[in-house]
Amino acid sequence: MDKYHVVGHSLPQIDGRERASGAAEFVSDMKLPGMLYGRILRSPHPHARIRHIDTSKARRLPGVKAVVTVQDTPQIPFGPRTDDWMIMALDKVRFVGDEVAGVAAVDEDTAEEALSLIQVEYEPLPAVFDPLEAMKPGAPLIHDKERNIVSEFKLAKGDVEKAFQESDVVHSDRYYTNQVYQAYLEPMACVVQPDLAGKLTFFISTQIPSMTRLPYAKALGLPLEKVRVVVPYYGGAFGAKMETNLHLVAAVLAQKTRKPVRMVNPREEDFMAGNPRVPMYIDLKIGAKKGGTLMGKEVRVIGAAGGRVVYSMVIVATACYRPDSLYHFQNLKTEGVTVYTNTVPTSCFRGFGNAQMTFAIESSLDMIAEAIGMDPAELRIKNGLKTGEVSIHGWKIGSSGLAECVRKAVEASGWQEKRGQKRFARGIGLACCNHVSGNRAFAREFDGGAGIVRISREGKVLVYHGESDMGQGQKTIFAQIVAEELGISLDQIEVAPVDTDISPFGMGSFATRGTVFGGNGVKAAAADAKRQILELAAEMLEANPKDLEIKEGKIFVQGSPEKSLPFQKVAELGLYKRGGAPIVGTGFWVPDTVIPDPVTKFGNISPAYPFACQICEAEVDTETGQVNLLNYVAAHDVGRAINPQTTEGQIQGGVAQGIGWALTENMVTEKGKVLNPNFRDYVIPGPLDLPPIKPILVEPGEPNGPFGAKGIGEPALNPAPAAVANAIYNAIGVRFTELPITPEKILKGLKEKK
Amino acid sequence: MRMRKFEFFSPASLDGALELLEQYGDEAKLIAGGTDLLVQMKSKLIAPKQVINLLGVPELSGLGQNGKGLRVGALTKHAALENSPLLRKGWGILAAAAHKVGSPQIRNLGTVGGNVGNASPAADTALALLALEASVVLISRRGERRIPLESFFVGPGVTVLKKDEILKEILLPEVPANSVAAYLKLGRRKSLDLALASTAVLLTLNPQTGVCERARVALGAVSPTPLRARETEKLLIGKTLDEKVIQEAGKVAQGECQPISDIRASAEYRKEMIKVLVGRAIQKAMGIPIPPTGI
Amino acid sequence: MKYPLTITVNEEVYELEVPANRTLLDVIREECGLTGTKQGCGNGECGACTVLLDGEPVNACLVLALQANGKRVVTVEGLSEGEKLHPIQEVFIAHGAIQCGFCTPGMVLSTKALLDKNPHPQELEIREALTGNLCRCTGYQKIVEAILSLKA
């Protein structure tokens, strides 16, 4: 597919040298003149009233420059979606880890010592940890509301009861997807720098540089223009790094001391007060005809929000209805409840509710396939949405590579023969997923992308965008898109760090939207820059701009290549001609997606929908319960891979996280306290724990994507836990509906089976 | 996460170290590789006022033959044990166990003296050393004493080492001819993990009859201390180690341990796993292929 | 109370005075100003702080700075010479073995230590050598492929 000269090629990351050499300055590496070091005093109680805070001893410790509590803030309730946050606890703490006070000192040792000198008098209150318990009347109330229910989601289409009656097979199960931690290698970190006019610059690891300014400005009682966000290199996020009080406490300290304050979560605190995945109870009932036609789905989701709402209610909503646009379920009855609990606030983690629900759906479909004697692969293809279809919720499937993903995965994995072998303790499992590339329902003001492309006198191109590169390679993708659009080579392109004073307003990197939205935004800006430079070249070449082409760094007349000028020359001469003004192209892209109807949930929320099929081969040691993964194939419909190598890396990383979730990862809590807030006992896969993961790129082309591309980030993980669970079922005939599937559970399952 | 401040000493001799220990007694801690001590100090589990660095004390280092036996200086790193050709002369399970400690980085820092002195019931090298019938030499200004490793451990993290003593070296007797051995460790993943259950077995088999003439079996992570499974050993001696005997040995080993439940594993699982591990370790020692999963 | 400390980092000698409770990681990042070596956990469980101490990879977060007195340290900054990257760094970039890059400095040094002892490792030996370096982004595969490419 050498249609394009840059797009579609596995070019190395444009900032690879900086990351490989250690030159890249990550947030936790930053050092500014006069910088102080901050720490947060966190609640040891899951639920307690604060009677009194005495900071006097801490303030007197030499080297301490400020100690702050909520009294040092405007005490304005705020939050990403609800107004149930306070920068620091006002009257109550609602989870172990809740922010109570902040300290800024001349070094980290002093800051930590100061924490131990702050005296807080707590009055412990009854606490509740499980959402099923927290929902019940009489449960301890966590916020000033009549009940702990944050929000409810209801949806019904057609007649599920009739559908189940007409079904030949109805499968019902309760699933539990546990709370897991994103485990990015760089803990949450920030440097907040004040200026003399009271403007705060937040150097933060954030996926939402522009969006985060709004709740932050509100919380600090500042006009929006006094909040600037700059995004340095940062070490991974996977959904976790959005709004966090870590940044705001640092801001309050910066205001108080008038000095920059750096705050980095010690790893233990990052576990305690990060934003782990929303744990969910999923009651799922699916009916099907023996020919394989799915007739109806009834589902109830109960998710724990934790002590305050980050994005849990949107995540529960997503779980409730996203797979309705993967398969034709025909009749639906859906209910979702998000509940406060006295546990760490839960939030986005790769998959955003769709990961949890995909585990349930793909496990149930596996059982249905068995009940009707149908190949699970065929069941998926039969019911999957195809290109051009519109789903029951009005989602317009511009391209669907689902069937091709299934076929290619089946072929590459040896699916047929391995299923046929029926070797006890060795099995193969399949799971599919859909996802979005951007989600209008999650964004509020708009969903779109924008870019600025600036061509310098030297012919170098600087690209501004408003999204966030957390390591997934977005900068390189944007650079490739711009290089392709402009007809120049990748090494001419540089992508500027996001600085909300200069960069376009970007919704941010979540909902797998970066490539489509950010990509289309910078593509539009590049097209504008191209138009301008061609106009200048046309004058210089005495030609019609419509007849000009840019290729390999030269602008020339189509058909008369001898009439040409180097790109750099046109840029230079053009700049002189225009009094020094560089060529600046701006552009934006806004698809015609809509916020769904609040009652019916109908509405096309995304411009592009990725699909995938993953197949896992596993061996179970029936004496120890351990699972050895032998092979893994992951076929992903990515529209078109802008950078195949980067896309493969995303797939392998997502699968690895899904495998960890399926087999070993679990935040163990007791009375709201995380018992394993470290990498010793929160076990993520190491280099010996993963099978070879073979990524297969399926490229049907997506009309709405830049050069036909769709997203990859979250679909990379979604199918993995079910693929593993289905492989285990195929191996030993035991169905596991709770994650993680540990060796102890496997042994217990084997015993019960006997 | 930050350690409290302390005074630091780097004695250049064993005498110097002992003198400091005597002087500072209760408040002082010895540091070698630091892989256990620093973790404890960072979590504020302990906050010693003085830390005495043993890395520069020559009398504590060295790995070499000691008559027909082996002398392992307390400062010997796991990496050195892992890679030592000397250990192949019968003490191979010590190298195998050292290889399972932590990660390459940890093995380049951590010392066997520290691993043994830390007295975790799951300590990898301790198991191999027990099976190899090691003894430890403890030294103070009052003199030297040599005790079997089995008597060194008292409870989790507790040994008979006195406040003014340093673990100087570990002595291993010669391993009888015709001995085979294996070390198996079960974790939650295949590397960089603490043992959920572990075992070291050393068997001496009659070259003509194949009968087991001598058996040493040590169990880890299933008891307050690393444990010699004496009943299991008795069962094996004088027998041909067929499938039936091996299974029986596993069951007896189960009966000898008293594991606890913690966030890593339940007591029931650990008990069940010891049965499996002992059986498989005996098979592995005898060259019978065993499943590769997670061990 | 401060103690004298002399360490050679990337062939440059540093003469410092530090309190005893500073780790080698603290000193590398702060006193020496070399922030390529990262802190991911502080407890020797992730390997982001891996440096070569007298040629051997160790977790700098678990070494008291004073214990490194008189020793030679190599950090990721010591692998490149100005603009010229080390071949290990080059293949990491070429093979897509770097995503967020936070684990990369430690990963690259562990790789160097492996190749210094074993210039032609098999895949299993590579994975064994990297067991002290966690990566959450890549699933390790492209890292392994990058290192295997150096054999050729």
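Visitor: Which strands make up the open sheet in chain A, and in what order?

Guide: Two strands pair if DSSP finds at least two bridges between them; strands (E, at least two residues) and helices (H or I, at least four) are DSSP runs numbered from the N terminus. Here, in this predicted model, the open sheet has 3 strands in the order S4-S2-S6 (chain A), with antiparallel pairing. Strand S4 (92–93) and strand S6 (119–124) of chain A each have a single partner strand, so one side of each is left without a neighbour in the sheet.

Visitor: How many bridges join S2 to S6 in chain A?

Guide: Strand S2 (residues 48–54) of chain A is joined to S6(A) by 6 bridges. One to look up: A:Arg49 has A:Glu123 in S6(A) as its bridge partner.

Visitor: Now the helices. Is H14(A) buried or exposed?

Guide: A residue is buried if 20 or more other C-beta atoms, placed from the backbone, lie within 10 Å of its own, exposed if 12 or fewer, and partly exposed in between. In H14(A), 13 of the 13 residues are buried, so this helix is largely enclosed by the rest of the structure.

Visitor: How should I read the numbering and the cut-offs?

Guide: Residues count from 1 along each chain as its sequence is written, while chains are lettered from A and ligands numbered from 1 in the order written. Local features need pLDDT of at least 70, and side-chain atom pairs count only at pLDDT 80 or more, while totals for chains, interfaces and linings use all residues.
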